[in-house]
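Let's walk through this structure together, starting with how the chain folds back on itself and ending with where two chains meet. Keep the 3D view open as you read.

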Amino acid sequence: MDRRRFLETAWLPCLAAGGTGLGAAAERQDDRQFIAEAKFYEKLAHKKIKCVLCPRECVIDDRERGYCGVRENRGGIYYTLVHSRVCAAHVDPIEKKPFFHFLPGTLAFSIATAGCNVNCKMCQNWEISQARPEQVRGIYLPPGDVAAAAAQSRCASVSYTYTEPVVFLEYVLDAAQACRAAGLKSGVVTGGYIKPEPLKELCRRVDAIKVDLKSFSQKFYSEVVNGDLKPVLDAIVTIRSLGAWCEIVYLVVPTLNDSEQEFRALAHWMRSDLGRDVPVHFTRFHPQYLLKNLPPTPLATLERAKAVADAEGLRYVYIGNVPGHPAEHTYCPNCKEKVVERTGFSVGAIRLRNGRCERCREVIPGIWKM
Amino acid sequence: MSHSPGTSRRQLLRTCAGGVLAGRTLSGQGRTPSSRVVIARDRALRGGGATPDSSRLLKLLDRAVQSCFDTGSAAEAWHKVARPGEVVGLKVNCLAGKGISTHVVLTQAICERLQQAGIPRKDILIWDRLNDDLDSAGFRVSVDRNGIRCVGNDEWGYEEELLVHGSAGSLVCNSLARVCHAVINLPVLKDHSIVGVTLALKNFFGAIHNPNKYHMNAGDPYVADVYMLPPIRDKVRVTICDALSAAYEGGPSYMPQWTWPFNGLMVSRDPVALDYTGWQIIEKKRAEMGMKPLKAEGREPKYIATAADARHRLGTCDPARIEQIEV
């Protein structure tokens with residue numbers, strides 16, 4: 001990647017975050033460079049196809065797209081329209097994802113394409129997640145260039161984030177392969193709404209997956225997310241069983257998913273189905289998109305969620321979007337030593353040696369080194 | 001927003017402001033003063049060929065519009081659709097290519113009548129989702145400000161402000177929100193494999209940036225909620241449904257084995273009444289052809305009833321209140 005190309009990448013976040021992408025028509029681009037045959041679909045009669053990438057299993061007529069809006073049936077062949085079509089690129093601290101047990105204190109080259117397979121009413125990136133690829137500006141960033149840009153930015157990993165990597169899975173798989181060859185790790189930030197087969201392939205290619213578990217109730221998934229809970233829970237179990245590093249984020253939305261009963265059910269399920277070592281982050285909601293009528297999450301609610309999860313015996317329970325809170329640090333569950341200190345996205349002292357607490361030698365699960 | 005090369009930013013903003021003002025003065029006229037649905041048919045419309053005869057089609061159109069507006073002449077009716085000074089948008093439906101899209105010859109006939117009603121060519125805008133869709137249906141994309149403009153949403157983009165009603169939260173295309181003062185809705189009489197039928201209400205999925213999000217539950221309540229967005233609800237003056245050819249299965253794509261020559265137009269100021277009537281026509285044809293009703297296929301268009309409910313009041317789907325007229 002030359003300097004000029006990299007600078008092009010650098011202004012992308014401004015487009016995505018500045019709200020200028022959707023309001024104006026995207027610049028005319030040669031779409032052919034972004035199109036590749038999709039990996040997970042079945043051909044049906046009359047040139048229809050069935051997408052088997054996510055649990056929606058959209059059946060799509062010729063010239064139509066599925067729910068995600070980024071895959072199109074063209075004459076009975078299903079194509080992704082977002083391979084290498086990056087609409088947002090940032091160099092972020094890994095803590096912003098958040099990953100707390102995955103290369104702490106490092107930078108992640110973070111990219112997204114347009115599209116998502118759910119429509120959460122609290123989406124903070126709806127301008128790009130709910131858009132079709134041609135509605136937002138994008139640049140061509142093929143897998144090799146992703147790895148090169150990450151290395152040039154002194155990033156330890158690449159994060160596929162902001163929108164929903166499931167809908168640009170082919171690109172993730174190819175870019176992760178290029179990154180692995182270049183000695184870089186890959187982390188995925190996802191809603192986990194994906195079918196088992198593509199998920200297994202994803203787990204083989206990437207190193208870490210953070211799942212946004214939006215709630216522990218189907219009602220919330222139906223009314224706020226436009227999806228289903230069970231496939232997400234199944235996906236988390238699969239990720240855990242296949243050995244990719246997994247963390248869970250639970251955005252606490254006042255009045256909608258913040259009952260003690262729901263926190264308890266979540267914590268109990270995590271302990272019984274995932275074990276005690278999967279980190280969970282209870283993060284503060286801020287009003288946006290279609291939920292502007294709700295207040296930010298009170299700190300007391302987040303602390304109540306943490307207390308419930310702690311009481312269940314989960315060992316790594318964090319509070320997020322509250323910079324300076326003591327529950328941002330990682331504590332050794334054995335000796336209670338602060339093994340990773342954090343303030344917001346900044347990392348202070350790391351008291352780990354070969355993945356163990358320096359003080360008591362307790363194993364702290366995670367990926368701590370390149 | 002990228003716009004026609006001859007249009008300055010100032011001109012564009014002036015047009016936008018005009019749109020807002022005109023929309024206010026006519027607020028309410030776009031709603032449903034009458035639940036009359038006119039079905040105009042001409043068995044000899046195509047003569048011996050496949051293409052509709054333009055002069056016969058013009059007469060058919062006049063009969064239908066005159067009956068819909070209940071005026072003494074067709075010219076009088078067209079004056080009720082729009083008035084000089086307004087930019088009139090024609091929302092065509094071109095997704096399925098030439099096989100089962102709004103016919104160019106019908107759109108031309110409407111343009112001709114609008115001009116005779118005092119709307120200059122420069123104030124007529126034909127639009128749909130994509131330039132490619134328009135092109136594939138036989139329209140010639142043009143942003144020449146001196147002529148009739150024909151443009152896809154991909155060319156002119158979308159508003160930046162999110163509009164919300166019920167389950168729908170969308171950005172509305174600039175063609176509709178900023179440029180048009182009045183809209184003539186030109187859907188096609190056809191089946192839809194997910195939401196049952198796609199007629200007057202559903203056609204405005206082509207006015208928003210995220211239609212793919214609204215097909216769940218056979219489009220209910222999404223189709224009704226999208227139509228409630230103010231630029232749609234307030235600007236549509238009349239629906240002229242292209243039923244020259246119709247599809248009773250396989251839609252929205254073109255499946256020639258499931259289309260039939262209906263040789264007609266359906267015209268109404270009540271989009272719900274039109275949709276209900278069109279749905280019944282499709283069901284009748286399906287029954288004739290030995291096919292299951294849409295309900296049995298899990299795609300009954302319940303959104304039509306939702307559009308008529310107390311939260312929407314977009315029209316009526318009560319057959320006793322629909323005045324169906326055949327001309």
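In chain A, residues 24 or more positions apart account for 68% of the contacts with a separation of 6 or more, where two residues are in contact if their C-beta atoms, placed from the backbone, lie within 7 Å. This is a predicted model, in which local features need pLDDT of at least 70, side-chain atom pairs count only at pLDDT 80 or more, and totals for chains, interfaces and linings use all residues. Residues are numbered from 1 along each chain as its sequence is written, while chains are lettered from A and ligands numbered from 1 in the order in which they are written.

Chain A has 10 helices and 21 strands; these are DSSP runs numbered from the N terminus, with helices being H or I of at least four residues and strands E of at least two. The radius of gyration of chain A is 20 Å, close to the 21 Å that the globule rule gives for 370 residues, so chain A is as compact as a globular protein of that length. (That radius is taken over C-alpha atoms, and the rule is 2.2 Å times the number of residues to the power 0.38.) Along the principal axes, the C-alpha atoms of chain A fill a box of roughly 60 × 45 × 35 Å. Of its 370 residues, 53% count as buried, meaning that 20 or more other C-beta atoms lie within 10 Å of the residue's own; 12 or fewer makes a residue exposed, and anything in between partly exposed, with C-beta atoms placed from the backbone.

Now find strand 14 (residues 245–252) of chain A. Why can this strand be called largely enclosed by the rest of the structure? The reason is that 8 of its 8 residues are buried. Both faces are covered, with A:Trp245, A:Glu247, A:Val249 and A:Leu251 buried on one side and A:Cys246, A:Ile248, A:Tyr250 and A:Val252 buried on the other.

Strand 14 of chain A also has partners (strands pair if DSSP finds at least two bridges between them). Strand 13 (residues 208–212) of chain A pairs with strand 14 in the parallel sense over 5 bridges, and A:Ile209 stands opposite A:Cys246. Strand 15 (residues 280–284) of chain A runs parallel to strand 14, joined by 5 bridges; here A:Tyr250 stands opposite A:Phe282. Follow the chain from strand 14 through helix 9 (residues 260–274) to strand 15 of chain A, and you trace a right-handed β-α-β unit: with the strands pointing away from the viewer, the path from the first strand over the helix to the second runs clockwise. Strand 15, helix 10 (residues 299–312) and strand 16 (residues 317–320) of chain A make a right-handed unit too.

Next comes the core. The largest nonpolar core holds 109 residues, of which A:Val146, A:Val158 and A:Val172 touch the most other members; such a core is a set of buried Ala, Val, Leu, Ile, Met, Phe, Trp, Tyr and Cys residues joined through C-beta atoms within 7 Å. Helix 5 (residues 169–181) of chain A gives the most to this core, with 8 residues.

Finally, look at where the chains meet. The contact takes 20 residues from chain A and 23 residues from chain B. On the chain B side, helix 6 (residues 153–156) of chain B provides the largest share, 3 residues.
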